[in-house]
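Welcome! Here is a short tour of how two chains come together. Take a look at the structure first, then read on.

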Protein chains: 2
Amino acid sequence: MPRPKKDAALDISRKAVEETIRLLSKRDDFDVPLAAVAEAVGCTAPALYGHFRNKDALLRAVHDAGFRRLYEEKRARAKHFRAEPLAYLRACSHAYAQFAFDNPTLYRLMFSPPPSLAADQGPLSTDLGRSVLELVVKAIRACQKQGLLPGADPKRYAFTFWAAVHGAVSLALQNRAPDEKIRQDAALVVVDTLLEIITATAPDRR
Amino acid sequence: MPRPKKDAALDISRKAVEETIRLLSKRDDFDVPLAAVAEAVGCTAPALYGHFRNKDALLRAVHDAGFRRLYEEKRARAKHFRAEPLAYLRACSHAYAQFAFDNPTLYRLMFSPPPSLAADQGPLSTDLGRSVLELVVKAIRACQKQGLLPGADPKRYAFTFWAAVHGAVSLALQNRAPDEKIRQDAALVVVDTLLEIITATAPDRR
DNA sequence: GCAAGAAACTTAACAATATTCAGTTAGCGG
DNA sequence: CCGCTAACTGAATATTGTTAAGTTTCTTGC
C-alpha cells in the first residue's frame, strides 16, 4: 500500500520523534533499531528516510525535542517562584534533575551525544542551549538585586551553577557518587550546597 | 596459523585495551569495529572473544583503564602541590580537564557510558571512582585545616566540587557554553570561580 | 474527466559488523 | 612419539542501517 490515504499525513516526522523518545525510555543505549521506530509509527524503516536524511538526523531531532521539553518543564515548574530568586533557582534545578531522572537515556543523548549529532551546531540546537542557560542567568541577576553574590559576573556564575547541577545529575545517573545516601539524591544535595553558598554571600546577615 | 609462537603472548588483553584507546581517539563515537581492534592487535576479531566475553566487556576494560590513567595523571600532576591545598585543587582540576580535552571520546565512555557497561558495578570500577573523588576530599580537608570552608561537610563539598568540574568539562566538550570566549576554557573558568568562592570563605581576610 | 508526473510508500537487496561454529595447529605431559 | 588442550583462524549467521527498484495514490495541466 504505497502512498498513504492523504490524512494519515499527521507528519510522520513528529510521530517518529515522539515514538523514538518513548522507545529510548525503555533502553539503556541510543541504539534503538530504526525498524522498531518504524513499527511504532506505523510504517516501514525505509519510509523514515523520506523525512530524515539518516538515523543521525532522527536522533538529532530527538535531541532537539528533548531540549524543548526540558526548557518547557523548567519554565512551567518554576514560574510560580518568579519573585523569590533562590526558590526559583531551586525549583529550576529540581525540575532539571527530575527531567534527567525521568528520562535518563534521553538526557544522555542530549548532553553526551556522539559529536556527530551536535557538531554542526544548528542554530536551533545552540539557541535551545542558550535558552536553558538564560533562565539561570536571569535568576542570578535577580539574586544580585537582593544583595547576594555582590560583584560577581552573572554569566560566569550562571554557567558554574549550571555546570554543577549538570555534573551532579550526570554523576548521579551512573552511580558514581561516594555512598548510597548521597548517591540517591546527589543532585539535590549539590543544589542545596550551591544555594547555601549563595546565601552565605549575603552582606547583611548575622 | 593457529596457536601463536608462544612469545607473542604479550597478553592480547592489554594490547587490545591500549589499541582500543588509541582508536577511540580518532573517532567521535565508541563504535570502533572489533575488526579494527583485532587488526591493530595483530589477530582476527573472533580471537578477542577468548579474552573478553563480548564487545561490552572490552569497552568496560577500556573504561576502567581510562580511570586508572586519569587517577595517575591527577596524582602525578598535583603531587608537587601537596602543601598548598588551593594550588593542589587547581592542579588536580586542570589535570582533569586536560585529560578530558586530550581524550574526549574516552572521557565520554568513562562518564556517560551506556549503563550496560557500568551497571554491574564491579568493585574495581567503584573503587576507581572513589579514588578519584578521595583526592578531592583530602584537598577539601586540607583547606579546612587552613580555616577555609568552616563547618562544611568535606564529602559533600568535595562531591559538589567534582560535579562542577565534571559538568563544566562535559558541557565544554560539546560547545554548549554561552559564548566563544567562555566556551574555550569554560572548565578552567569554572575551576577559578570555585576556588574564588572557597577563598572567600576565609574568616580572617579583609 | 484524464493522462502524465510527482510523492510517498513498499518490498527486496546490500553492506557493515557483532557473534558463533567447526576446524587446525602449536606446544606440552606422558 | 602420542594424544590433548589451548588459542587461534576462516567461514557462517543474525542484526541493522541504508539504497534501489517498483507500485500505487494524489495532483495538476489540458
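## How the two chains meet

Of the interface residues of chain A, 98% are also interface residues in chain B, so the copies meet through the same surface. Please keep in mind that this is a predicted model.

**Extent of the contact**
- Chain A brings 45 residues to the contact, and chain B brings 44 residues.
- The size of an interface is often given as the accessible area lost when the parts come together.
- Here, the area buried between chain A and chain B is about 3,800 Å², and carbon and sulfur atoms give 61% of that area.

**Polar and charged links**
- Between chain A and chain B, eleven residue pairs are in polar contact, with both residues at pLDDT 80 or more.
- Two salt bridges are found across the interface of chain A and chain B.
- Glu196(A) and Arg156(B) form a salt bridge, in which the closest N and O atoms are 2.7 Å apart.

**The side of chain A that touches chain B**
- At least two residues each come from α3 (55-78), α5 (104-111), α6 (115-118), α7 (123-145), α8 (154-172) and α10 (186-200) of chain A.
- The largest share, 13 residues, is supplied by α8(A).
- Sorted by class, this side of chain A has 23 nonpolar, twelve polar and ten charged residues.

**Symmetry**
- Chain A is superposed on chain B by a rotation of 180° with 0.0 Å of shift along its axis, at an RMSD of 0.0 Å.
- That is the relation of a two-fold axis.

**Aromatic rings**
- Over all chains, the count comes to ten aromatic pairs.
- One of these aromatic pairs is Tyr107(B) with Phe111(B), which is tilted, at 4.6 Å centre to centre and 35° between the planes.
- Tyr107(B) and Phe111(B) are separated by about one helical turn because they are four residues apart in helix α5 (residues 104-111) of chain B.

Key. Residues are numbered from 1 along each chain as its sequence is written. Chains are lettered from A and ligands numbered from 1 in the order in which they are written. This is a predicted model: local features need pLDDT of at least 70, side-chain atom pairs count only at pLDDT 80 or more; totals for chains, interfaces and linings use all residues. Side-chain values use heavy atoms; hydrogens and water are left out. Contact means heavy atoms within 4.5 Å. Buried area is the accessible area (1.4 Å probe) that two parts lose on being put together, summed over both. A salt bridge is a side-chain nitrogen of Lys or Arg within 4 Å of a carboxyl oxygen of Asp or Glu. A polar contact is a pair of N or O atoms within 3.5 Å; within protein, one must be able to donate a hydrogen and the other to accept it, and residues adjacent in sequence count only if both atoms are side-chain atoms. Ala, Val, Leu, Ile, Met, Phe, Trp, Tyr, Cys and Pro count as nonpolar, Asp, Glu, Lys and Arg as charged, and the others, Gly among them, as polar. Copies are superposed by least squares on the C-alpha atoms of residues with pLDDT of at least 70 in both. Rings of Phe, Tyr and Trp (its six-membered ring) pair if their centres lie within 6.5 Å; planes under 30 degrees apart count as stacked, over 60 as edge-to-face and the rest as tilted.
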